[in-house]
Amino acid sequence: MKKTKAVRKQELEDTIEADPFITDEALAERFGVSVQTIRLDRSELRIPEVRTRIKQLAETNHDDVRALQNEEVIGEIVDLQLDEQAISILDITDDHVFTRNGIARGHHLFAQANSLAVAIINDAFAVTGRANIRFTRQVYTGERVVAKAKIKKRSHGFPVITVKSYVNQTLVFKGEFVMSRGKEA
């Protein structure tokens, strides 16, 4: 049974509030309507497109990265609360994948997660001491990877950070990073 427009619009609003990184295409698939219908509903609800939502998040929810230079971060950090949590996005392009099958190379997903784990540290210097990672699903060209990092265990010298990466709310990577903070050599 098809949902009424009012019900769909309310669920659309709730879905975007829960996951501001969700694309119109993913929303269309979720609600069983066309992308144009989603765009019309978003417009009527005055909800901006995904790029604008991401930009707004990046401008309002962001501490400054201390342990890395901006060009050293893999992906785009859109939320950073030092020594608490962080979120970054990485759009998978042809440069990130194997040419014969379009599957993202694992080192790009690891690099996004690892740089996010370093970036979350509120110190001028931080490196990865140990990582325990697991890839749970292949990622393909055109997909958007959203990585979410949280401090799991606080320690002055060796904080533990968990990073989970998702494509359309499906877990594709998870890792636990033991970091080392301190003085540069």
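A residue counts as partly exposed here when its relative accessible area lies between the 20% limit under which residues are buried and the 50% limit over which they are exposed. With that in hand, welcome to a set of close-up views of a predicted model.

**View 1. Arg 39 meets Asp 24 in a salt bridge between two helices.** At 41% relative accessibility, Arg 39 falls between those limits and so counts as partly exposed. Its side chain meets that of Asp 24 at 3.2 Å, N to O. The pair links distant parts of the chain, with Arg 39 in helix α3 and Asp 24 in helix α2 (residues 24-31), 15 residues apart. Asp 24 has a relative accessible area of 6%, so this residue is buried.

**View 2. Arg 39 also forms a salt bridge with Glu 25.** Here the closest N and O atoms are 3.7 Å apart. This pair too joins helix α3, which holds Arg 39, to helix α2, which holds Glu 25, across 14 residues of sequence. Glu 25 has a relative accessible area of 45% and is therefore partly exposed.

**View 3. Arg 8 and Asp 41 form a buried salt bridge.** The closest N and O atoms of Arg 8 and Asp 41 are 2.7 Å apart. Arg 8 belongs to helix α1 (residues 5-18) and Asp 41 to helix α3 (residues 35-45), so the pair ties together parts that are 33 residues apart in sequence. Both residues are buried. For context, a search of the whole structure finds nine salt bridges.

**View 4. The largest nonpolar core has 30 residues.** If you want a place to start looking, Ile 92, Ile 120, Val 139, Ile 161 and Val 163 are the residues with the most contacts inside this core. At least two core residues come from each of β1 (76-81), β2 (85-91), α5 (106-119), β4 (144-153), β5 (160-167) and β6 (170-181). The largest share, six residues, is supplied by α5. Apart from this core lies another, of ten residues, and among them are Leu 12, Ile 16, Ala 26 and Ala 28.

**View 5. Ile 92 and its contacts beyond the neighbouring sequence.** Neighbours within four places in sequence are left aside here. The contacts of Ile 92 then include Val 97, Ala 104 and Leu 109. Further partners of Ile 92 are Val 139, Tyr 140, Thr 141, Gly 142, Glu 143 and Val 145.

**View 6. Asp 83 sits in the loop between β1 and β2.** Not counting residues up to four places away in sequence, Asp 83 touches Ile 120, Ile 121, Asn 122, Ile 151, Arg 154 and Arg 181.

**View 7. The largest pocket has a volume of about 310 Å³.** Its lining is made of 17 residues, and Asp 19, Phe 21, Val 146, Asn 168 and Gln 169 are the ones nearest the centre. Two or more lining residues come from each of α1, β4 and β5. The most are given by β4, with three residues. By type, the lining divides into eight nonpolar, four polar and five charged residues.

Terms used: Residues numbered from 1 in each chain as written. Predicted model: local features only at pLDDT ≥ 70, side-chain atom pairs only at ≥ 80, totals over all residues. Heavy atoms only, no water. Core = buried A, V, L, I, M, F, W, Y, C linked by side-chain atoms within 4.5 Å. Buried < 20%, exposed > 50% of the residue type's maximum accessible area, 1.4 Å probe, protein only. Helix = DSSP H or I, 4+ residues; strand = E, 2+ residues; numbered from the N terminus. Contact = heavy atoms within 4.5 Å. Salt bridge = Lys/Arg side-chain N within 4 Å of Asp/Glu carboxyl O. 1 Å grid on protein atoms, 1.4 Å probe; cavity = no way out; pocket = protein on both sides within 12 Å on 5 of 7 lines; lining within 4 Å. Points joined across faces, edges and corners; volume = space filled by probe spheres on them. Nonpolar A, V, L, I, M, F, W, Y, C, P; charged D, E, K, R; others polar.
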